[in-house]
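Biologist: I would like a close look at one part of this protein. Please take the sheet and the helices around it, and keep it brisk.

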Amino acid sequence: MSAPDNNRAEETVDSPSTPTVAVVHYGELALKGKNRPAFISRLVRNIKTALAGCGVRRIRNLTGRIVLDLGPGADRAALEKRLRRVMGISNYSLGFKVPAEIGRMEEAVAQEAARHVFRSFRVATKRADKTFPLTSPEVNQRIGATIKARTGAAVDLSNAAFTIHLEILPGEAFYSVERLPGAGGLPAGISGRVAVLLSGGIDSPVAAYRMMKRGCEVVLVHFHAYPILPKTSQRKARELAEVLTRSQGRTRLFLVPFGDIQSTVVTAVPGPLRVVVYRRLMFRIAEEIARKTRATALVTGESLGQVASQTLSNLATIEAAATLPILRPLIGMDKQEISDEAARIGTFDISIVPDQDCCTLFTPKHPATRTTVREIEAAEAALDVPALVRQGAEGAEEAVIEFP
Ligand code: ATP
Ligand code: MG
């Protein structure tokens, strides 16, 4: 599928008319054989959920694209805002429908073109109906000549300032001057369910987003130290969850009281080992929640070497406490790359609101950067680990967040 174009029309002469269709294209490279029907039906379902209340009259799965027929009251701004977040869409066009008959298409497309001012243009036709009597280049030439005659603009196939897309399907065709980028990836939910450890920081929301982009539905688990610390981190977790929910429609967020558990650790575990012990407890509690919600992996926002708990040896010691696979989508990214992505997906501004989460609580200045499972297990022998895990898992409160 061709990339989105940033049309550089110098101006639009008429007031823009309200599009009557949106044509959604998905990344066909991602579609291998048997997965295809599941991919498409999940995508259709996710689009339907995301666009509830936006004035979509009908959603059709046609050859290689999903076509949304829009009602007269379609809310274009909402439509764009929501479609942009649906995973699995490579790009989408807002445009119009015309019978698949060359004279009708020519007139409609030329009229639409005449509403804009541009120096150079091209017509990009995709013929999904191979029985249509003209080939795509023939259609491009014919309609291009008409537009050229009417506007005086030059045809430029390699670097046009303005591109008009035309898609010919059996009986109907769609044309558009607006092709917008989608989120890419795979439809949320198609790869299964994972539990993401969501702090109030910058990294873990990006990790969640990346997993959603690979088709996962995410369950979120946040550890807080209320009432020892204020409720800020919980509020942030909820706001982050709201942003993420735009890509999956419904999210379960578990808020786990962790302050008392940490207080217990402090009484029994030497300072330098505490961070690793906290993290191992978090993994065990998250695993209980994963089991309950039928999530099959844990996800963190860890990135190698970023802080003391994220050295290779500590990552290994921490994950030894878990039995589920631990996925770390950000492991090879640096902070700047992660922050840029957070800004793009809209979580950065929430994440940078100052707060103390449970990680800053009872954390020594110099945590050990090289720990071994043996040494940590020895330290944990002073704790009733199963009781602490039960305390966290049973104390968790669930919030359900829905979008729209
Ligand atoms: P983040 O920006 O995601 O908080 P970070 O760079 O601050 O990451 P750490 O604080 O060491 O790194 O946390 C590493 C990972 O552990 C986080 O990305 C997150 O997945 C998990 N984590 C840390 N604190 C919490 C918490 N309070 N609740 C849930 N998960 C947490
Ligand atoms: Mg953090």
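How many bridges join strand β13 to β16, and do the two strands run parallel or antiparallel?

Modeller: This is a predicted model. Six bridges join β13, residues 250-257, to β16. The two strands run antiparallel. One position in β16 can be picked out: isoleucine 401 has threonine 251 standing opposite.

Now the whole sheet. The sheet is open and has six strands. Their order is β15-β14-β11-β12-β13-β16. The pairing is mixed. β15 (326-327) and β16 (397-402) are the edge strands. Each of them has a single partner strand, so one side of each has no neighbour in the sheet.

Next, the helix over the sheet.

Spanning residues 203-213, α5 packs with α10, residues 335-345. Their axes are 9 Å apart, and the angle is about 70°. The two helices are therefore roughly perpendicular to each other. Their crossing is left-handed. From α5, the contact uses Asp203, Pro205, Val206, Tyr209 and Arg210. From α10, the residues are Lys335, Ile338, Glu341, Ala342 and Ile345. By class, this contact has six nonpolar and four charged residues, with no polar ones.

Helix α8 covers residues 274-293, and helix α9 covers residues 312-319. Their axes come within 8 Å and cross at roughly 40°. That angle makes α8 oblique to α9. The crossing of α8 and α9 is right-handed, whereas that of α5 and α10 is left-handed. On the α8 side, Val276, Arg279, Arg280 and Phe283 make the contact. On the α9 side, Asn314, Thr317, Ile318 and Glu319 do. The classes here are three nonpolar, two polar and three charged.

Last, the setting. The protein is divided into domain 1, residues 8-181, and domain 2, residues 192-402. Taken over C-alpha atoms, the centres of the two domains are separated by 43 Å.

How values were computed
Residues numbered from 1 in each chain as written. Chains lettered and ligands numbered in written order. Predicted model: local features only at pLDDT ≥ 70, side-chain atom pairs only at ≥ 80, totals over all residues. Heavy atoms only, no water. Axes fitted to C-alpha atoms, helices over the stretch in contact; angles between N-to-C directions. Helix = DSSP H or I, 4+ residues; strand = E, 2+ residues; numbered from the N terminus. Parallel < 35°, antiparallel > 145°, perpendicular 65-115°, else oblique. Left-handed = near helix turned anticlockwise from the far one by under 90°. Contact = heavy atoms within 4.5 Å. Nonpolar A, V, L, I, M, F, W, Y, C, P; charged D, E, K, R; others polar. Pairing = 2+ DSSP bridges. Domains from an automatic or database assignment.
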